[in-house]
Amino acid sequence: MLQLKSAREIETMAVGGRILAEAHLAARDAVAAGMSTWDIDQVVEDFIRSKGAVPSFKGLYGFPASICASVNEEIVHGIPNKKKILRDGDIISVDIGVFFGGLHTDSARTYPVGPIDAETQRLLDVTEASLVAGMQAAVIGNHVGDIGHAVESVVKAGGFTVVRDLVGHGVGHMMHEEPQIPNHGKPKRGMRLVAGLTIAIEPMVNIGTEKTRTLGDKWTVVTADGKNSAHFEHTVAVTEDGPVVLTRL
Ligand code: MG
Ligand code: MG
């Protein structure tokens with residue numbers, strides 16, 4: 001069932017989304033060689049709770065931490081770990097959910113740890129650009145397929161691949177609502193976008209193969225070839241005034 005949001009609910013999500021955006025600044029500032037992924041988790045959880053909000057992911061489907069922290073070839077759902085120490089040249093995808101005022105928002109970014117190689121920097125740039133293209137397609141009258149097509153076009157032009165095993169989603173009253181928002185698609189296909197839809201658009205982009213596998217911890221999804229992967233995500237409201245990004249300052 002589609003759960004459309006009122007203007008008032010979208011305003012509440014924007015408040016939670018601002019907390020989430022600030023939590024990302026805290027994460028960005030904490031990312032450094034020698035820090036563990038658990039350290040980053042603590043910084044983010046403390047920040048979210050200091051604002052009177054709750055980290056959405058903690059306990060969701062049994063997930064044990066507040067953020068997903070996915071390093072290098074890890075695509076998504078990495079579990080923060082005291083033994084996982086960041087090193088210069090790594091990248092870390094930090095995925096954060098915030099529950100505030102009865103509503104969830106969801107946003108991810110991939111951060112470099114110190115200097116990174118040129119191709120990986122380009123991976124980050126192309127992935128973020130594909131998110132921007134996807135968000136620009138989130139307008140009334142377009143279809144879900146237009147978003148995926150916009151994302152995939154930017155990724156293909158950049159010479160990288162889009163993960164197909166995982167998708168974006170509606171978000172709000174629950175972390176995962178209908179509809180699914182794939183990062184690939186055909187124009188004018190899929191559900192028509194309507195005002196009040198709030199969706200998480202989240203390209204996951206790989207340097208090598210689009211194929212994935214899941215580690216023995218049953219959570220961490222990695223690239224099948226071990227090459228780097230990036231993840232950028234925003235929560236966006238479809239409105240009469242065009243797409244409104246709720247998780248950006
Ligand atoms: Mg997310
Ligand atoms: Mg999401």
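This is a predicted model: local features need pLDDT of at least 70, side-chain atom pairs count only at pLDDT 80 or more; totals for chains, interfaces and linings use all residues.
Residues are numbered from 1 along each chain as its sequence is written, chains are lettered from A and ligands numbered from 1 in the order in which they are written, and side-chain values use heavy atoms, with hydrogens and water left out.

**Confidence**
- The protein chain has an average pLDDT of 98, and 100% of the residues score at least 70; pLDDT is the predictor's confidence in each residue, from 0 to 100.
- Among the elements of the chain, strand β13 (residues 229-231) has the highest mean pLDDT (99) and strand β8 (residues 177-181) the lowest (97).
- Helices (H or I, at least four residues) and strands (E, at least two) are DSSP runs, numbered from the N terminus.

**Helix α2**
- The end C-alpha atoms of α2 (residues 37-50) are 20 Å apart, which agrees with the 20 Å that its 14 residues should span at 1.5 Å a residue; the expected span is 1.5 Å times one less than the number of residues.
- T37, I40, D41, V44, E45 and I48 are the buried residues of α2.
- They cover an arc of only 130 degrees around the axis, so they lie on the same side of α2; the arc is that of the directions from the helix axis to the C-beta atoms.
- These buried residues pack against α1, β1 (54-55), β2 (67-71) and β4 (91-100), where contact means heavy atoms within 4.5 Å.

**Sheet β3-β12-β11**
- Three strands form an open sheet in the order β3-β12-β11, with antiparallel pairing; two strands pair if DSSP finds at least two bridges between them.
- β3 (74-76) and β11 (212-214) are at the edges with a single partner strand each, so one side of each has no neighbour in the sheet.
- On average, neighbouring strands of this sheet are turned by 40 degrees against each other, direction ignored; axes are lines fitted to C-alpha atoms, for helices over the stretch in contact, and angles run from 0 to 180 degrees between N-to-C directions.
- Three bridges join β11 to strand β12 (residues 221-223) in the antiparallel sense, and T212 stands opposite T223 in β12.

**Hairpin β7-β8**
- Strand β7 (residues 168-170) pairs with β8 in the antiparallel sense over three bridges, with H169 opposite Q180 in β8.
- Six residues lie between β7 and β8 in this hairpin, and G172 in the turn has a positive phi of about 160 degrees.

**Individual residues**
- V113 is found in the loop between β5 (103-112) and α3 and is buried, with a relative accessible area of 0%.
- Not counting residues up to four places away in sequence, V113 touches V31, A32, A33, L86, R87, D88, G89, D90 and I92.
- V113 and G89 are 24 residues apart along the chain, and their C-alpha atoms are separated by 5.7 Å.
- T120, in helix α3 (residues 118-136), counts as buried at 2% relative accessibility.
- With residues up to four places away in sequence left out, T120 touches I91, I207 and N228.
- M1 lies in the segment before α1 (7-30) and is exposed, with a relative accessible area of 72%.

Technical notes:
Buried means under 20% relative accessible area, exposed over 50%, partly exposed in between (1.4 Å probe, protein chains only).
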